[in-house]
Amino acid sequence: MKLSKCIILVCLLLPTLRAPAADTLQIAPCDEAIMNLFGDIITLSRREGSLQCYVDNQLVYVFSGKGLSNKLILQEPLRPILDEPDKIYVLDVATARIVAWDRFLNVHTTTPLHDDIISPTEFTVTSEHDWLIYDNFYNHILQIHPNEHFPYRWGDKPVSGDIHLYTIGHYVLLYLKDYRQLRICDNNGTTLGEYMLPDSLNVLRVLPLDLQSIGLVCENGVYLWKPNEKSCRYLSIMQDVIFMHAEKSSYILISRQGTIITIP
């Protein structure tokens, strides 16, 4: 009886384990990755200080700073942030400035941060095109309106420690890593909901898909967490995942090694 149960379990698991291998692609190793509305994949290599844009999984555009007359070099860049439909931002912590590109990786602007921002460690852009910057020195999030440089306090609750900011549609998701908590806010900073991460998982990274589905990167792979449904299921054994995207009934994962898999 026990043997029969084991055979049934293996049969159920085999399609899941084989699925990623059925659709696997490879790009250059990277530290961060995003996907725009056009389906282009933009990656960041921190060591090289470069951006790469893949169209239909082919490398088409590259930014490295070496060919620019002003020698714009990314020294300590955070992850790329999209401002749809065609802008890409990167906060360079070392130089305290935000660089903007178009989708073809042509540099548009470089904007120095306000002197009141001492230690910027996180950055995102809201659906209203406002900048949100977390200052780890003062433990607060600052909002900067377009074409302005003066920051305003944002959020109705205190923040501290290691936090990450994500824009999801018309909402902003805060991942308070030290507290293992997710906080959902509107664009004005009003808290709409809070969730604690599953106690049983050692979460290394959070990859939000939407307000209902969150990817949780752990040492043993990736989980799909739906806090409203109180469900969490194992999705893939893939290691070092830096990007996750839901597409109809499938999921696209990208690892730090540049491996792309699609899980049906």
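Asp-31 is counted as buried because its relative accessibility is 17%, where buried means under 20% relative accessible area, exposed over 50%, and partly exposed in between (1.4 Å probe, protein chains only). Arg-256, by contrast, counts as partly exposed, with a relative accessibility of 33%. The structure is a predicted model, in which local features need pLDDT of at least 70 and side-chain atom pairs count only at pLDDT 80 or more, while totals for chains, interfaces and linings use all residues. Residues are numbered from 1 along each chain as its sequence is written, and side-chain values use heavy atoms, with hydrogens and water left out.

The side chains of Asp-31 and Arg-256 are joined by a salt bridge with an N to O distance of 3.4 Å, a salt bridge being a side-chain nitrogen of Lys or Arg within 4 Å of a carboxyl oxygen of Asp or Glu. This pair connects distant parts of the chain, 225 residues apart, since Arg-256 belongs to the loop between β23 (250–255) and β24 (259–263) and Asp-31 to the loop between β1 (24–26) and β2 (32–35). Strands here are DSSP runs (E, at least two residues), and helices likewise (H or I, at least four), numbered from the N terminus. By the salt-bridge rule, the count comes to seven.

A further salt bridge is formed by Arg-205 and Glu-32, whose closest N and O atoms are 2.4 Å apart. Arg-205 lies in strand β18 (residues 203–208) and Glu-32 in strand β2, so the pair ties together parts that are 173 residues apart in sequence. Both Arg-205 and Glu-32 are buried. In the salt bridge between Arg-79 and Glu-122, the N to O distance is 2.9 Å; Arg-79 is found in the loop between β5 (58–63) and β6 (81–83), and Glu-122 in strand β10 (residues 120–125), 43 residues apart. Arg-79 and Glu-122 are both buried. Through salt bridges with shared partners, Glu-32, Arg-46 and Arg-205 are joined into one network.

Strand β18, which holds Arg-205, also belongs to an open sheet of four strands in the order β18-β19-β20-β21, with antiparallel pairing; two strands pair if DSSP finds at least two bridges between them. Because β18 and β21 (231–236) stand at the edges with a single partner strand each, one side of each is left without a neighbour in the sheet. Between β18 and strand β19 (residues 214–218), which run antiparallel, there are five bridges, and the bridge partner of Val-206 in β19 is Leu-216.
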